[in-house]
Amino acid sequence: MFENVIEAMVDAVLVVDVEGGVTLTNTAAARLTGYTVEELRGMPIARLLVDETSGLRTVVRRRIEDGAVLRREESWLVPKTGAPLPVSVTGSPVMSDDGLQGIVLVARDIREIRELLKAKESEIALRRKAEDDLRAANASIEEQLEETRQSLLLAERRATLGTLAGGVGHELRNIAQIQVAAVDELLGALSANEDVTALVRTLLPDLERVAEHITEHGKRLMQLARPGPDHVGPIDLNAVVRDVIAMLRGAGKLRRVTVVTELGPEPLTVTVNRTRIEQILVNLIVNAVDAIGDRNGTITIDVHPSADGKRVVCEVRDTGCGIPPENLPRIFQPFFTTKTEDRGTGLGLPVARGIVESYGGMLVATSTVGAGTTFTFDLPR
Ligand SMILES: Nc1ncnc2c1ncn2[C@@H]1O[C@H](COP(=O)(O)OP(=O)(O)OP(=O)(O)O)[C@@H](O)[C@H]1O
Ligand SMILES: [Mg+2]
């Protein structure tokens, strides 16, 4: 019965006695080793099973000695032809009342599994290489993208430079008008032989401010070639509004309009470049004056803290002609203007918005045709 079971097994079976000699085997073992069943019988197991370190034999021997089960171990089976085959071996002790009688070794040919494993391994290696190639390709695409991005940035910068240069020219013209008006007034007074001391006293601060603007804008033109940060410092927005109104009034820009200021009693300090903020206010107020035109009208400038107290809000309201809804989305586009060529370039609002945004604020407009327009900007405190 025992022999029949052994014979029926697909794997090679070698029953070994305590001396290490093969006592019983099956056809599968004969097929695998190339020996006949008769040749195998009596053969020392050490001749059939070897491993590089002879570790298995030691293990088998030890297992035979203490009768423990040998779990799957990889080893080499030496067939008649001599070239060792890889096998996986399990072993279980054969016990009787007298103790250990021997061990049943079951050896399974693992060449096919090895081949499969090898194929899998090379497949994995291939896949890994494909992944590496893909990664490298991705990296080079990223690099190209970055290059494109850089050159796009450069192109965009060049385009912006044009607009910015136009913006600086625009401000210089605005400010030059103030100077011309002051000089005119002085000349008028002089030719009328009036005492100009008082007039000089009021005009000098304006002329000083004009000079500051020209210097700042000169700097800005140089910065366009090599950008650097603007000089910023804490300033009181209420004070800037007051100074800008005085300057525009001095230049005769506010002759026909009523200007109302709603300024808080306390200073509202923002950390900005003063000339930049003056530039925003000049642009918004000059636009309001233009919108009022020859009629009577009012410009209200309201400075107050935001609801959460973290920002300063400035509103410039006018009772001018208003902006038709179809124009409202376009007024911040560079060069959008409804004025004649000698009166407007369409750069005032985009420049003003750019400045506000550079400080992390927003400049927005609401308007009703025939009723007026409100521009609102905010700056962090
Ligand atoms: N307060 C306002 N009321 C009515 N329309 C306005 C007002 N402010 C601006 N606009 C409209 O928006 C347009 C663009 O204004 P922006 O200040 O950018 O340029 P501009 O005043 O036309 O020319 P520039 O300021 O360059 O001399 C104006 O031409 C005008 O049509
Ligand atoms: Mg303007």
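1. Ligand 1 of this predicted model is surrounded by 23 residues, where a residue counts if one of its heavy atoms lies within 4 Å, and the closest are His 170, Thr 337, Thr 338, Lys 339 and Thr 345. The shell divides into nine nonpolar, 10 polar (Gly among them) and four charged residues.

2. Among the polar contacts (N or O pairs within 3.5 Å), an oxygen atom of ligand 1 lies 2.5 Å from a side-chain N or O atom of Thr 345, and an oxygen atom of the ligand is 2.8 Å from one in the side chain of His 170. A nitrogen atom of ligand 1 is 3.4 Å from a polar side-chain atom of Thr 373. Taken alone the ligand exposes 590 Å², of which the protein buries 95%, by the Shrake-Rupley method with a 1.4 Å probe.

3. The elements giving two or more residues to this shell are α6 (111-191), α9 (274-292), α10 (348-358) and β13 (372-380), with helices (H or I, at least four residues) and strands (E, at least two) taken as DSSP runs.

4. The whole structure holds one aromatic pair, with ring centres within 6.5 Å as the criterion. Because Phe 332 lies in the loop between β11 (311-318) and α10, and Phe 375 in strand β13, the pair ties together parts 43 residues apart in sequence.

5. Residues are numbered from 1 along each chain as its sequence is written, while chains are lettered from A and ligands numbered from 1 in the order written. Local features need pLDDT of at least 70 and side-chain atom pairs 80 or more, whereas totals for chains, interfaces and linings use all residues, and side-chain values use heavy atoms, without hydrogens and water.

Key
Polar contact = N/O pair within 3.5 Å; in protein donor to acceptor, adjacent residues only side chain to side chain. Phe/Tyr/Trp six-rings, centres within 6.5 Å; stacked < 30°, edge-to-face > 60°.
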